[in-house]
Amino acid sequence: MGCCKSRYSSKIAAAPIEARPELASVYGSGCPLQQWVQNRPDSSDKWSELLLSKLRSTWTEAGAETGVRLNDHNYNTSLGQGNTLGFVFAWLTVHDNAPAHTQHGLFSEPRSSKPAVVRFSDFGANTSRNRLARVAVKVALDSAWCGEANLLFTETLDTFPLADYDALEAFVGTGTCCQKLWLLLCTIRVLLWQNFRNFVLGRLFRSELVAKHYYSQLPYALGEQQAMKLSLVPRQASSACCRPTADQALAWASARAAVLAAHLSEHGAEFDLQLQVRQIEGNEGTILRRAHLRWREQPVTVATLRIPRQQCC
């Protein structure tokens, strides 16, 4: 999970590709993610270059860091890092009745509670009226490569619009006509077919951050023989929200952060953490190359993420 088990790390290509220096220095040989860095497709370089150029120009404009910044993640990217809406403390408690086949890694100790840090953020350009919410749950885990498991979630979308690297190539502008058609079909399926009510009818804008459903979208490894998708299901009732107007878009992040802080100062929040588990053997194609398809496995609740009442600055 996180760095201890990379998404897409269960299958490694046979012919190694020389790692980019900046990636090799970040993900050393002790982390399984380095295997992916060494063997990633050529097209991933284009994706890295696009992000790095965007981040570098915005970083340069912002100037050198001084003191403490309230938001050091927002670097004007249309995709990727967005506004930080809250950093909060939490506990992740693994249930004592978690099924035996789920008891691996982070979930290997039933009845255990581990401290966690939860980052709420948004996703998309600051001028967009359609920003999705995201959650990163960082849980202390001694057996992990970097001492923590990092679980990443996006609201509403339980699948990923880019099915595979063919779709990624088309997305970054280097794909063939067939790859671009494939990307279009995947995007239509995820955004319009599977989530018509959420996107077209605006359902995703009708709940605040603590009342949303969040999904990992992409699978993680669960032990050596299984893959899993994760979801966070809110226990608190949905609270009213609305889609911002064009004039409100720039101030929307600050408004959402204020609502989150006000809620947590009085109520706290709880989410059920659920897993969909699939055997890797015999399902390599759907796990590794069909990220836009929903899994049919029944979700199983294995843990509770509890965010206690706290004062947010």
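Close-up 1. Trp91 is partly exposed, at 30% relative accessible area (buried is under 20%, exposed over 50%, partly exposed in between, with a 1.4 Å probe and protein chains only). Phe89 is also partly exposed, at 36%. This is a predicted model: local features need pLDDT of at least 70, side-chain atom pairs count only at pLDDT 80 or more, and totals for chains, interfaces and linings use all residues. Residues are numbered from 1 along each chain as its sequence is written, and side-chain values use heavy atoms, without hydrogens and water.

The whole structure holds 2 aromatic pairs (rings of Phe, Tyr and Trp, the last by its six-membered ring, with centres within 6.5 Å; planes under 30 degrees apart are stacked, over 60 edge-to-face, the rest tilted). Phe89 and Trp91 are edge-to-face, because their centres lie 5.4 Å apart and their planes meet at 85°.

**Close-up 2. Tyr214 and Phe271.** These rings have centres 6.2 Å apart and planes at 65°, so they are edge-to-face. Tyr214 lies in strand β5 (residues 214–215) and Phe271 in strand β8 (residues 269–279), so the pair ties together parts 57 residues apart in sequence. Strands (E, at least two residues) and helices (H or I, at least four) are DSSP runs, numbered from the N terminus. Both Tyr214 and Phe271 are buried.

**Close-up 3. Arginines over tryptophans.** Arg256 sits over the face of Trp252, 4.2 Å from the ring centre. Arg278 sits over the face of Trp295, at 4.6 Å. The test asks for NZ of Lys or CZ of Arg within 6 Å of the ring centre and within 35 degrees of the ring normal.
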